[in-house]
Amino acid sequence: PPLEGTDRASFPVAALDFPLTFRSRDPGDRIRLVGGSRKVKKLLLESRIPLAERERVPVLVDVSGRVLWVSGVARTSEMAVEAGETMRIRIEQ
């Protein structure tokens, strides 16, 4: 099953390194989750996304290549949006 909050993601603008880019998964991509860092490839496998569709799953990265969101699968735990925070970006699938 997908992880909590995977159909949309919000990020505090001040914590982002622009530009942001959507791309397909690259070998070695990792995303920081609450329990630690995980390989994007493994998350897609565990989410039971068919092999033929895995390359079409959008991955949101910042200018340094840090994975922020794997659409429909997981969002990084590094950037929590605090209650009342007004400057944020919200992305939905």
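Me: In which strand does Arg75 lie?

Reply: In this predicted model, Arg75 belongs to strand E7, which spans residues 74–75.

Me: Which backbone oxygens does the side chain of Arg75 reach?

Reply: The side chain of Arg75 reaches the backbone oxygen of Ser10 at 2.5 Å. It also reaches the backbone oxygen of Met79, at 2.3 Å.

Me: Which residues does Arg75 touch, not counting those up to four places away in sequence?

Reply: With those set aside, Arg75 touches Ala9, Ser10, Phe11, Ile31, Arg32, Leu33, Leu68, Trp69, Ala80 and Val81.

Me: Why is strand E1 described as largely enclosed by the rest of the structure?

Reply: A residue is classed as buried when its relative accessible area is under 20%. Strand E1 covers residues 8–12, and four of its five residues are buried, so the strand is largely enclosed by the rest of the structure.

Me: With which strand does E1 pair, and in what sense?

Reply: E1 pairs with strand E8 (residues 88–92) in the antiparallel sense, over five bridges. Within E8, Ile89 stands opposite Phe11.

Me: How is a pair of aromatic rings described?

Reply: Such a pair is described by the distance of the centres and the angle of the planes. This structure holds one aromatic pair. Phe22 and Trp69 form it, at 6.3 Å centre to centre and with 65° between the planes, an edge-to-face arrangement.

Me: Which parts of the chain does the pair link?

Reply: It links distant parts of the chain: Phe22 is in strand E2 (residues 21–23) and Trp69 is in strand E6 (residues 67–70), 47 residues apart.

Me: Are Phe22 and Trp69 buried or partly exposed?

Reply: Phe22 has 44% relative accessibility and therefore counts as partly exposed. Trp69, at 1% relative accessibility, counts as buried.

Me: Which residues of the largest nonpolar core touch the most other members?

Reply: This core has 13 residues, and those touching the most other members are Ile31, Leu44, Val67, Val70 and Val73. At least two residues each come from strand E3 (30–33), helix H1 (40–46), strand E5 (59–61) and E6. H1 supplies the largest share, three residues. Apart from this core lies another, of eight residues, among them Ala9, Leu68, Trp69 and Ile91.

Me: With which residues is Val67 in contact, leaving aside its neighbours within four places in sequence?

Reply: Val67 is then in contact with Asp29, Arg30, Ile31, Val40, Val59, Leu60, Val61 and Thr76.

Terms used
Residues numbered from 1 in each chain as written. Predicted model: local features only at pLDDT ≥ 70, side-chain atom pairs only at ≥ 80, totals over all residues. Heavy atoms only, no water. Phe/Tyr/Trp six-rings, centres within 6.5 Å; stacked < 30°, edge-to-face > 60°. Buried < 20%, exposed > 50% of the residue type's maximum accessible area, 1.4 Å probe, protein only. Polar contact = N/O pair within 3.5 Å; in protein donor to acceptor, adjacent residues only side chain to side chain. Contact = heavy atoms within 4.5 Å. Pairing = 2+ DSSP bridges. Core = buried A, V, L, I, M, F, W, Y, C linked by side-chain atoms within 4.5 Å.
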